[in-house]
Amino acid sequence: MLEKLFVYALLLRVDLMAMDEYNRYLDEMFLQDPDNDLLLELEYCSKDSARSIELITTSCQQEMDFNFANFGKRLTEKLEGIYHQNHLDLNSFGDKVYHLWQILPSNMQMDEPFGILCYANDPLSYGDEKQSRALYQDFFRYDKKQAVMKKVR
């Protein structure tokens with residue numbers, strides 16, 4: 001749950017998710033676990049995106065059982081869905097994703113697959129949209145490649 005909340009908080013912060021989508025997910029989680037103090041506090045501040053993001057980020061930093069693999073899987077899935085929506089051009093998507101990379105915890109920024117988010121938009125500066133798209137596709141496939149590698153081992 002916390003990993004998905006963190007994904008939603010990051011996407012909200014870089015304007016890749018609307019507040020109402022975040023609030024729908026939060027409401028679902030709260031209904032499943034109404035005694036959860038974090039969810040209760042997030043419900044109270046559900047109209048204040050900055051406070052919500054701060055609470056989620058702090059909770060993730062303090063959580064000893066934060067599952068980085070689960071976080072990565074959820075982030076790649078959400079970003080892939082956003083990428084395939086036609087409301088953002090590639091430059092805008094890349095700018096927002098680069099901002100997302102900048103706000104990732106420093107211990108995650110250069111880990112695979114997150115490092116790609118730092119430079120995937122760079123080829124656009126010299127007109128190479130194809131290469132940028134290929135880098136984003138590599139990012140989206142990362143979790144799928146990891147699952148195949150685990151089966152092979």
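There are 0 disulfides in this structure, a disulfide being a pair of cysteine sulfur atoms within 2.5 Å. Cys-60 is in no disulfide, and the nearest cysteine sulfur, belonging to Cys-45, lies 14 Å away. Before going further, please note that this is a predicted model, in which local features need pLDDT of at least 70 and side-chain atom pairs count only at pLDDT 80 or more, while totals for chains, interfaces and linings use all residues. Residues are numbered from 1 along each chain as its sequence is written, and side-chain values use heavy atoms, with hydrogens and water left out.

**Accessibility**

The table lists relative accessible areas; buried means under 20%, exposed over 50%, and partly exposed in between (1.4 Å probe, protein chains only).

| Residue | Relative accessible area | Class |
|---|---|---|
| Leu-38 | 15% | buried |
| Ser-59 | 19% | buried |
| Cys-60 | 10% | buried |
| Cys-118 | 24% | partly exposed |

**Around Leu-38 and Ser-59**

Leu-38 sits in helix H3 (residues 37-44), and Ser-59 belongs to helix H4 (residues 49-62). Helices here are DSSP runs (H or I, at least four residues), numbered from the N terminus. For contacts, the criterion is heavy atoms within 4.5 Å. Setting aside residues up to four places away in sequence, Leu-38 touches Leu-2, Leu-5, Leu-55 and Ser-59. With neighbours within four places likewise left out, Ser-59 is in contact with Leu-2 and Leu-38. Although Leu-38 and Leu-2 are 36 residues apart along the chain, their C-alpha atoms are separated by 9.6 Å.

**Helices H1 and H5**

Now to a helix pair: the axes of H1 (residues 2-13) and H5 (residues 68-84) come within 9 Å and cross at roughly 40°. That makes H1 oblique to H5. Axes are lines fitted to C-alpha atoms, for helices over the stretch in contact, with angles running from 0 to 180 degrees between N-to-C directions. Angles under 35 degrees count as roughly parallel, over 145 as roughly antiparallel, 65 to 115 as roughly perpendicular, and the rest as oblique. The H1 and H5 crossing is right-handed, meaning that the near helix is turned clockwise from the far one by less than a right angle. On the H1 side, the contact is made by Glu-3, Lys-4, Phe-6, Val-7, Tyr-8, Leu-10 and Leu-11, and H5 supplies Asn-70, Phe-71, Arg-74, Leu-75, Lys-78, Leu-79 and Ile-82. These contact residues divide into 9 nonpolar, 1 polar and 4 charged.

Conventions. Helices (H or I, at least four residues) and strands (E, at least two) are DSSP runs, numbered from the N terminus. Ala, Val, Leu, Ile, Met, Phe, Trp, Tyr, Cys and Pro count as nonpolar, Asp, Glu, Lys and Arg as charged, and the others, Gly among them, as polar.
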